[in-house]
Amino acid sequence: MSIRRTLRVAGRALALSLVLVISQLPVATAPGVAADSGGDNGPDTELFSAGLPSWVHDGSGARGEPADNGARVVSRNWVGQRALDLGIRSPSLADVGMVRVLLPPGWRAQPSKEWPVLYLLHGCCEPADYRSWTEFTDVRRFVADKPVMVVMPSDGSAGMYSQWRNFGMATVPDWETFHLTEVRQILERNYNAGTRRAVAGVSIGGFGAMHYAFRRPDMFRAAASYSGMLHTTGPFVPEIVKGILIREGYYDWRALWGDDRANRELWRAHNPYNNVGALRGTDLYVSGGNGIGGPLDPKPKFDALEPAALYTSKLFVRKLRTNGISVTTDFYGRGTHSWPYWERALHRSWPMLTADLYR
């Protein structure tokens, strides 16, 4: 056997081992250090108070206008005075997709005002799904006095913020259309969402933030990735994606973007690293740790996903800077793939994310 062939076989064996390891990794659900809302007297009392807003019972507060493709709200559950969960019957998902919305202060009192919007995207494999940001961080308290509508949509267990290929036979689920067309239009037509938008996400949601930012460069003024996978065709990174999909029951991972070798151009079309040119003019923020337990971890630990995310994030940042595209970074050293660090990242990136939303 030639040396080249030996190396090829060894590489494939390593790749298979990586897929199997990733498919068994635990999900990061540790709450942030400030996840407690501060009790009934905190600034977010109105957002998550037990009493429902007075207009729930008179039928106002939503006009029920559908999206262009017929997607419409089929359930509305108020979980506070300014917080609600929407169930949207989505043609793009062939199912009901969920989204949690935190409405800004003054929303009801100013019915003609359009509000800037921040999308917060969750990671893969998260049982809390669209509720994860409010369950594991202090976001409800943090934004309680800020004039921004916060939108936290479901991406399923591992939707990858993408339209699935399904071997060319179907384009369902299409999470990109659900998030950027259906949810957007419903919120604009029924809840006064405006056209000034930013997007941020954790882990695969960090990929989703940059993915959406380059695929819809006219839609988002700023994008932030916290521990995101930002170079999905980098060495051994496809194996991480495959492992995630297998863990969530998608045993034939080719249903997403096809085979990473035979359909390499399709993988590249969804890869932030290969599309940095479309991000020129967007305010960008990238952060991540090295996987070694840090100041926000309750005990010493190490995880394998964070250094992998950091590796792809640094490659992405290097590609941006090589192309003369500005980006703010926070590679903070010790820190794991967990919510306490992502909560802190939201706080640190907030000025950049919202600077152009208030203008």
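This is a predicted model: local features need pLDDT of at least 70, side-chain atom pairs count only at pLDDT 80 or more; totals for chains, interfaces and linings use all residues.
View 1. Strand S3, residues 95–102, runs antiparallel to strand S5, residues 149–153, and the two are joined over 4 bridges. Within this pair, Val101 stands opposite Val151 of S5.

**View 2. The open sheet that contains S3 and S5.** The sheet is built from 9 strands with mixed pairing, in the order S1-S2-S3-S5-S4-S6-S7-S8-S9. Its edges are strand S1 (72–78) and strand S9 (328–331); each has a single partner strand, so one side of each has no neighbour in the sheet. From one strand to the next, the twist averages 20 degrees.

**View 3. Helix H11 packed on the sheet.** H11 touches strand S4 (115–121), strand S6 (193–202), strand S7 (222–226), strand S8 (283–288) and S9. The direction of H11 makes about 160 degrees with that of S7.

**View 4. Length and bend of helix H11.** H11 covers residues 339–354, and its end C-alpha atoms lie 21 Å apart.

**View 5. Burial along helix H11.** H11 is mostly covered, with 12 of its 16 residues buried. Among them are the aromatic residues Trp339, Tyr341, Trp342 and Trp350. Pro340, Glu343, Ala345, Leu346, Ser349, Met352, Leu353 and Thr354 are also buried.

Methods
Residues are numbered from 1 along each chain as its sequence is written. Side-chain values use heavy atoms; hydrogens and water are left out. The expected span of a helix is 1.5 Å times one less than its number of residues. The bend at a residue is the angle between axes fitted to the seven residues ending there and the seven starting there. Buried means under 20% relative accessible area, exposed over 50%, partly exposed in between (1.4 Å probe, protein chains only). Two strands pair if DSSP finds at least two bridges between them. Axes are lines fitted to C-alpha atoms, for helices over the stretch in contact, and angles run from 0 to 180 degrees between N-to-C directions. Contact means heavy atoms within 4.5 Å.
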